[in-house]
Amino acid sequence: FTGKLDPRVTRITVASKEQEPKKTPLPKTIVICLTLLRTADAIAVNGFYAYAPYLVRWSLEEGASASKISLWVGAIGSSYGALQFVGGFVTGWISDYIGRIPVLILSCVASVFGLVGFGLAKTVWAMAIIRGLHGLLNGCVGVSTVYAAEVTDDTNQAWVMSILTAAWGAGGVIGPAIGGMTAFPHRTHPNIIGPDSIFTKFPVLLPMVLFAILNAIPMFMCPFMPETLPDAPWWGHPTEWLRRCGILPQLDAYGRLQSTSTMGEAHQPTDIEMDTQPTPTETQLASPETPSTANDGGALSP
């Protein structure tokens, strides 16, 4: 090594850096909402497994065999994924017609009702049916992934997808921890939960309510996220309902206040926009394909 640097290497390095595309800033608000959505969903799905054998043994008749308990634990646990496999196609197809945001909101609503209903179930059949319906109607995993792909580009898409994947993994850790600490509270915290408490009659209602609250947070955030589906119907977005009812101000495509909604209508240029548009002469001069005009008679030059 002589300590000398080939100038050609320097030129190649500088040129490659200049050709690198500039990274688009992350849509932080949208990423936060999608992260909470995926984390809450993972918490709700995986929190069941911390107390599953004890819940099934509590719901079955006294003296149920270990094989019967394990059979029902597997049936209840797999009912969510089995019906979500079918529901994922349906919710994705619906989101192509009414938009991504309505499907995300309906998925959160289905999660809230499904979680509370599971906490109020006393039989293994009711638990399996409610958990299966929860998976059938919850399409947030697929639709949120599509939404994340539509609000990003090649410079930041991989980073956002990595965040969503990490959020699901974090929910898989937090969910069983919360479920294990809050299930059967009349046994783990007898000084706080008395024998006549509702959490004694329904031993897993407390963790289910906590999971439902976590899923309700992104449910109230999604209406304020922009819709990414082109030509989505206005009635599918909750904030547009609020605008048309006069609760929220009406905005046009440029963010200006207006008296009536313009969703679905052609934008009419304002006086300022008309003044800033180039004149035909300026357009002809700016276009390299427009033939030039000779000064002596206006004939087109070859």
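Biologist: Is asparagine 215 buried or exposed?

Modeller: Keep in mind that this is a predicted model. Asparagine 215 has a relative accessibility of 2%, and the cut-off for buried is under 20%. So asparagine 215 counts as buried.

Biologist: Which helix does asparagine 215 lie in, and which residues does asparagine 215 touch, leaving out those up to four places away in sequence?

Modeller: Its helix covers residues 205-221 and goes by the name α11. Setting aside residues up to four places away in sequence, the contacts of asparagine 215 are Ala40, Asp41, Ala44, Cys108, Ser111, Val112 and Leu115.

Biologist: Which backbone oxygen does the side chain of asparagine 215 reach at 2.8 Å?

Modeller: Two backbone oxygens come up here. The side chain of asparagine 215 reaches the one of alanine 40 at 3.4 Å. At 2.8 Å, the backbone oxygen reached belongs to phenylalanine 211.

Biologist: Let's move to the second largest pocket. Which element gives the largest share of its lining?

Modeller: That pocket holds about 160 Å³ of space. Among its 14 lining residues, Gly88, Thr91, Gly139, Gly142 and Val143 are the closest to the centre. Two elements give two or more residues to the lining, α7 (140-150) and α4 (66-98). The largest share, six residues, comes from α4.

Key
Residues numbered from 1 in each chain as written. Predicted model: local features only at pLDDT ≥ 70, side-chain atom pairs only at ≥ 80, totals over all residues. Heavy atoms only, no water. 1 Å grid on protein atoms, 1.4 Å probe; cavity = no way out; pocket = protein on both sides within 12 Å on 5 of 7 lines; lining within 4 Å. Points joined across faces, edges and corners; volume = space filled by probe spheres on them. Helix = DSSP H or I, 4+ residues; strand = E, 2+ residues; numbered from the N terminus. Buried < 20%, exposed > 50% of the residue type's maximum accessible area, 1.4 Å probe, protein only. Polar contact = N/O pair within 3.5 Å; in protein donor to acceptor, adjacent residues only side chain to side chain. Contact = heavy atoms within 4.5 Å.
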